[in-house]
Amino acid sequence: MSPLAEAPPPPGRVLISEEELKARIGELGGAIARDYERQSPVVVGVLQGAFLFMADLIRAIPIDLMTDFIGVSSYGIGTRSSGAVRLVSDLSMSIEDRHVLIVEDIVDTGLTLSYLKRTLEARHPTSVRVCVLVDKIERREIELALDYVGFTIPNVFVVGYGFDHAGYYRNLRYIAALEPVAGAPERPPLVPPRARMSGA
Ligand code: IMP
């Protein structure tokens with residue numbers, strides 16, 4: 001990734017504060033712990049964006065679990081998806097006969113996650129579910145079941161808390177919009193996946 005020619009502009013207004021992130025991640029962790037008790041899931045973080053979320057989320061899941069990371073590339077320097085998804089680094093362990101929880105920072109068109117789900121499902125895990133911090137639901141181009149969702153937000157490019165623009169802003173403790181935005185984020189209800197989906 002090539003850097004911006006100049007220093008990045010200050011981000012726009014805070015969309016999700018540090019306190020809101022902490023509280024919601026606690027709720028997600030609680031729901032995941034209940035659903036995966038005695039299943040020792042492999043929690044798979046999607047690099048790079050999900051690394052902060054992953055670190056906070058697993059500390060909110062008080063059950064036995066293992067972690068691994070997978071790297072995909074789907075965006076260049078702009079704020080629009082190229083539509084192309086590429087695996088840039090693979091898992092370090094086998095997930096055969098394991099319960100897998102993919103932890104992703106954001107779902108936009110859904111192309112990245114749907115590619116990842118297909119890729120991991122082909123390795124014969126017991127189950128594959130998805131936890132995303134932020135869902136831009138109105139941008140979806142492909143049908144995709146999300147099992148745990150932190151926040152749904154309007155169609156706006158966000159930065160901070162792992163989200164970057166041209167490589168910058170990942171280290172902010174909050175999530176901000178890059179441009180002005182109307183409408184506040186929503187927290188969808190945390191329904192156990194088994195109540196909503198058939199099968200694992
Ligand atoms: P999708 O394939 O269109 O769903 O895009 C998913 C990927 O696009 C995420 O993993 C992010 O890397 C990136 N992305 C989408 N929207 C944003 C955003 O608002 N800020 C930062 N990255 C984003």
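The model is predicted, so local features are reported only at pLDDT of at least 70 and side-chain atom pairs only at pLDDT 80 or more, whereas totals for chains, interfaces and linings use all residues. Residues are numbered from 1 along each chain as its sequence is written. The predictor's confidence in each residue is its pLDDT, on a scale from 0 to 100. The protein chain averages a pLDDT of 87. A score of at least 70 is reached by 84% of the residues. Over residues 196-200, pLDDT stays under 50. The model has 4 contacts beyond four places in sequence for this stretch. Where pLDDT is low, the predicted coordinates should not be read in detail.

The protein chain contains 4 helices and 9 strands. Helices (H or I, at least four residues) and strands (E, at least two) are DSSP runs, numbered from the N terminus. Their order from the N terminus is β-α-β-α-β-β-β-α-β-β-β-β-α. Contacts are defined by C-beta atoms, placed from the backbone, that lie within 7 Å. Among contacts with a separation of 6 or more, 71% join residues 24 or more positions apart.

Burial was assigned by counting other C-beta atoms within 10 Å of a residue's own, with C-beta atoms placed from the backbone: 20 or more for buried, 12 or fewer for exposed, and partly exposed in between. Buried residues make up 32% of the 200 residues in the protein chain. The largest nonpolar core holds 45 residues. Such a core is a set of buried Ala, Val, Leu, Ile, Met, Phe, Trp, Tyr and Cys residues joined through C-beta atoms within 7 Å. V44, L101, I102, V103, C131, V132 and V158 touch the most other members. Leaving aside neighbours within four places in sequence, V103 is in contact with V43, V44, G45, V46, A50, F53, M54, L57 and C131.

In α2 (residues 51-58), L52, F53, M54 and L57 are buried. The elements covering the buried residues of α2 include α1 (18-35), β2 (42-47), β5 and β6 (127-135). Strand β6 also pairs with β7, in the parallel sense, over 4 bridges. Two strands pair if DSSP finds at least two bridges between them. The bridge partner of V132 in β7 is V149. Strand β7 (residues 148-152) has 4 of its 5 residues buried, so it is largely enclosed by the rest of the structure.

An open sheet of 3 strands has the order β1-β9-β8, with antiparallel pairing. Its edge strands, β1 (14-16) and β8 (158-159), each pair on one side only. The antiparallel pairing of β8 with β9 (residues 175-177) spans 2 bridges. Within β9, A176 stands opposite V159. V158 also lies in β8. V158 counts as buried because it has 26 C-beta neighbours inside 10 Å. Not counting residues up to four places away in sequence, V158 touches L15, V134, I153, F163, I175, A176, A177 and L178. The C-alpha atoms of V158 and G12 are separated by 9.0 Å, although the two residues are 146 residues apart along the chain.

The ligand is surrounded by 16 residues. A residue is near a molecule if its C-beta atom, placed from the backbone, lies within 6 Å of it. The closest are D108, T109, L111, T112 and F157. The elements that give two or more residues to this shell are β5 (99-107) and α3 (111-121). β5 gives the most, with 4 residues. The shell divides into 7 nonpolar, 6 polar and 3 charged residues. Here Ala, Val, Leu, Ile, Met, Phe, Trp, Tyr, Cys and Pro count as nonpolar, Asp, Glu, Lys and Arg as charged, and the others, Gly among them, as polar. T109 lies in the loop between β5 and α3. T109 is partly exposed, because 18 other C-beta atoms lie within 10 Å. The C-alpha atoms of T109 and E138, 29 residues apart along the chain, are separated by 8.6 Å.

Most residues other than glycine have a negative phi, and most peptide bonds are trans. The peptide bond from L47 to Q48 is cis, with omega near -5°. Q48 lies in the loop between β2 and α2. Phi is positive at A166, near 55°. Phi is also positive at Y169, near 80°. A166 is partly exposed, with 17 other C-beta atoms within 10 Å. Y169 is buried, with 20 such atoms.

Notes: Two residues are in contact if their C-beta atoms, placed from the backbone, lie within 7 Å.
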